[in-house]
Amino acid sequence: MSSPDPQVRAARNLTDPSPESTSEKKHPRAPRNRGPVVAVTGAATGVGELLTAHLAASDEIKQVIAIDERRGEVSEATWHILDVRDPIIAEKLRGADVVVHLALDLDLETDPAARTAYNVRGTQTVLTAAAAAGVRRVVLCTSAMVYGALPDNDVPLSEDAELRATAEATGVGDLLEIERLGRRAPRAHPGLNVTVVRPTVLVGGTDTALTRYFESPRLLVVAGSRPTWQFCHVEDLVTALEYAALEKIDGELAVGCDGWLEQEEVEELSGVRRMELPSAVALGAAARLHRIGLTPSPAGDLAYTMHPWVVSVSRLHDAGWRPKWTNEEVLGALLEEVEGRHTVAGRRLGRKDATAVSATAAGATVALLGTAALVRRARKARRRI
């Protein structure tokens, strides 16, 4: 078996092991008689892998049950290989006290209908199976995007603010449906509690429309908009999910860095200049490019770079949790992570295309003119058919 990747090692380091603990790795850990048994879905990749490694290293967790379609690297967990949509999952959850459901597909390149079918059916099955298995709590992880990005949003939003998002942005419709299922589950299954964790802009091995925003040669700013940025590093999300798994907090809560950054601060810290466009031009171009399949991001994603949607994280603070990362630090980590990548209008470019786009100071404008030409070309091709 290959050694865990750096992210998994980082998750294990969240427990701050002492030097003496290295000798313990050579011998089986003594049985844990206290703490909950926690099942994690989506345990082989991404945040699920990080959380599985972190919980497996915690003395506050009795046992970790890891569920995914392939076996992951965390050997300390008990693995079950299956699709979360398979009702047999109920058998695998017997004995678990808490389930953290992280088996979601939010990939920009996935077919939207297939993505929704997987996310919604998977969540339905996990909630029903958890209730049948006698699990007392399910933790769902969605996003602060469910609050919606709107020009009249409070800054910051309270965690119990109305969810005003629509299904126009990538995956947000799925997340809203997952939250609806989470609210219904305790009524349908008395005795089952549901905690919902909503991270802000997630950074650390992630690929979203919002992280791709920082891969562009210029930061697109829509004229008259008021962007604000609040980040969440995956390490902080993992410790927040641990709080939920240990039942130190419940209900619906946001997780992210304290405070937020204005667009001008982001530009100053990143050293990337802006390109300002009228709203009609930016939204119209985004909609057309997505409609003809040239970009993975629908026009709805632009709202989250235009309007504020930063959130208070007071509930976690009241429970004793604190983020280890600041917004400035997470932005720095994101810029390091995306270095060398080139994206225009949400579409990744190859090295040759990126070189052409960056060849002049007006490269970003040239790129937009080029995409407009592609739209016209696609229209002409359809007329010939």
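A residue is called buried here when its relative accessible area is under 20%, exposed when over 50%, and partly exposed in between (1.4 Å probe, protein chains only). The model is predicted, so local features need pLDDT of at least 70 and side-chain atom pairs count only at pLDDT 80 or more, while totals for chains, interfaces and linings use all residues. Residues are numbered from 1 along each chain as its sequence is written, and side-chain values use heavy atoms, with hydrogens and water left out.

Let us turn to the charged pairs. The structure holds 14 salt bridges, each a side-chain nitrogen of Lys or Arg within 4 Å of a carboxyl oxygen of Asp or Glu. One of them joins glutamate 179 to arginine 198, with the closest N and O atoms 2.6 Å apart. Because glutamate 179 lies in helix H5 and arginine 198 in strand E6, this pair ties together parts that are 19 residues apart in sequence; helices (H or I, at least four residues) and strands (E, at least two) are DSSP runs, numbered from the N terminus. Glutamate 179 is buried at 1%, and arginine 198 is buried at 1%.

Another salt bridge links arginine 136 and glutamate 247 (2.7 Å, N to O). Both residues sit in loops, and the pair ties together parts that are 111 residues apart in sequence. Arginine 136 is partly exposed at 35%, as is glutamate 247 at 28%. A network of salt bridges connects Asp97, Arg136, Arg137 and Glu247.

As for cysteines, zero disulfides (cysteine sulfur pairs within 2.5 Å) were found in the whole structure. The sulfur of cysteine 232 is 6.7 Å from that of cysteine 257, its nearest cysteine sulfur.
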